[in-house]
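Student: I would like to learn how to read a few features of a protein model. Could we take them one at a time?

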Amino acid sequence: MKKKLVIALGGNALLQRGETLSAENQQRSIQLFASMISGLARDYQLVIVHGNGPQVGLLALQNAVYKDSPAWPLDVLVAESQGMIGFAIAEGLSQYADAPPVTTLLTRVEVDPQDAAFSAPGKYIGPVYPADQKTALEQQHGWQVKADGEYVRRVVPSPTPLKILDSDAIKTLIEAGHLVICCGGGGIPVVAQQSGFKGIEAVIDKDLTAAVLAQSIDADYLLILTDADAVYQDWGTPQARAIRHATVEELAPFAAPDGAMGPKAAAVIQFVKQTGKPAFIGALKDAPYVLTGEKGTCIR
């Protein structure tokens with residue numbers, strides 16, 4: 001029986017920082033992803049979680065332009081991004097003759113309405129802007145805007161994922177031999193009501209959701225693919241070096257809530273501590289080699 005591998009693919013790996021947020025550019029990255037992942041599908045039962053930061057931010061911008069109707073809430077836009085990105089990934093993977101059946105599942109993820117993230121937004125979405133546009137963006141759109149490297153970017157609430165509500169459907173598809181694309185953009189954020197669930201405006205971190213998902217389906221490995229080729233010691237200095245192997249204790253200093261490597265480190269630490277199984281962080285282009293330890297960072 002194939003080992004189960006959950007892959008978390010960053011939205012910024014599909015639309016590179018600073019490039020035009022176009023379907024053509026995204027499709028180019030998805031073709032690279034599909035070519036790398038098609039080989040892994042022969043050896044692993046794959047479940048793919050994708051980010052949506054650039055894409056959901058773009059949808060929100062496009063949504064705001066039409067003034068004759070109210071803007072649609074973020075939870076609905078997250079659902080929309082699950083469909084558009086999931087379709088594109090499924091289309092890319094299905095071009096390979098030996099690919100398994102591919103199914104994209106709209107997935108709800110429960111969060112706590114009292115989560116502190118709702119009073120302190122910190123999740124980056126949408127395109128980057130020059131730093132000198134910060135005040136104008138805040139005044140024009142009513143956004144909260146924070147520095148993102150040398151740029152600035154809109155931030156929204158990003159509550160902690162508690163439970164994958166559609167995990168039974170995901171397990172059923174896995175057992176039927178499907179490659180499943182689910183929990184896109186971290187999942188559609190919902191909160192419990194007296195009866196059922198209701199959407200709430202937020203964007204959940206997809207890496208943290210991938211860790212919760214990997215635990216809930218008893219995955220053997222968690223692989224986080226991003227635009228960085230590894231976790232680095234002394235990043236941004238002449239002494240920078242890639243860390244190939246790390247324990248959860250050694251990785252803990254990298255798990256700061258910085259919106260970059262922090263959530264990825266926190267996600268793999270959570271998975272490894274709770275399951276005792278290995279997790280990996282690496283670049284999209286290196287995907288086949290990260291699992292062998294030749295590239296990226298392995299956490300045990």
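Student: Is Tyr221 buried, partly exposed or exposed, and why?

Tutor: Tyr221 counts as partly exposed because its relative accessibility is 21%. Buried means under 20% relative accessible area, exposed means over 50%, and partly exposed lies in between, with a 1.4 Å probe and protein chains only. This is a predicted model, in which local features need pLDDT of at least 70 and side-chain atom pairs count only at pLDDT 80 or more, while totals for chains, interfaces and linings use all residues. Residues are numbered from 1 along each chain as its sequence is written, and side-chain values use heavy atoms, with hydrogens and water left out.

Student: How is a pair of aromatic rings described?

Tutor: By the distance of the centres and the angle of the planes. Rings of Phe, Tyr and Trp (its six-membered ring) pair if their centres lie within 6.5 Å; planes under 30 degrees apart count as stacked, over 60 as edge-to-face and the rest as tilted. By this rule there are three aromatic pairs.

Student: Why is the pair of Tyr44 and Tyr221 called what it is?

Tutor: The ring centres of Tyr44 and Tyr221 are 6.0 Å apart and the planes stand at 85°, so the pair is edge-to-face. It joins distant parts of the chain, with Tyr44 in strand β2 (residues 44-50) and Tyr221 in strand β12, 177 residues apart. Helices (H or I, at least four residues) and strands (E, at least two) are DSSP runs, numbered from the N terminus. Tyr44 is buried, at a relative accessible area of 19%.

Student: Which pair do Tyr221 and Phe280 form?

Tutor: A tilted one, with 6.3 Å from centre to centre and 55° between the planes. This pair also links distant parts of the chain: Phe280 is in strand β16 (residues 279-283), 59 residues from Tyr221 in strand β12. Phe280 is buried, with a relative accessible area of 3%. Tyr44, Tyr221 and Phe280 make up one aromatic cluster.

Student: How is empty space found?

Tutor: Rolling a probe the size of a water molecule over the atoms shows where empty space is left. On a 1 Å grid over the protein atoms alone, a cavity is a set of points where a 1.4 Å probe fits but cannot get out, and a pocket is an open set with protein on both sides within 12 Å along at least five of seven lines; lining residues have an atom within 4 Å of a point. Grid points are joined across faces, edges and corners, and a volume is the space filled by probe spheres set on the points.

Student: How many cavities of 30 Å³ or more does the structure hold?

Tutor: One. The largest cavity has about 40 Å³ of space. Its lining includes Gly57, Leu61, Trp143 and Arg154. The elements that give two or more residues to this lining are α3 and β5 (123-130), and β5 gives the largest share, four residues.

Student: What lines the second largest pocket?

Tutor: It has 19 lining residues, and Ala60, Leu74, Trp143, Arg154 and Glu201 lie nearest its centre. About 340 Å³ of space lies in this pocket. Helix α3 gives the largest share of the lining, four residues.

Student: Where is Cys183, and what is its phi?

Tutor: Cys183 lies in the loop between β9 (179-181) and β10 (188-192). Its phi is positive, about 55°, although Cys183 is not a glycine.
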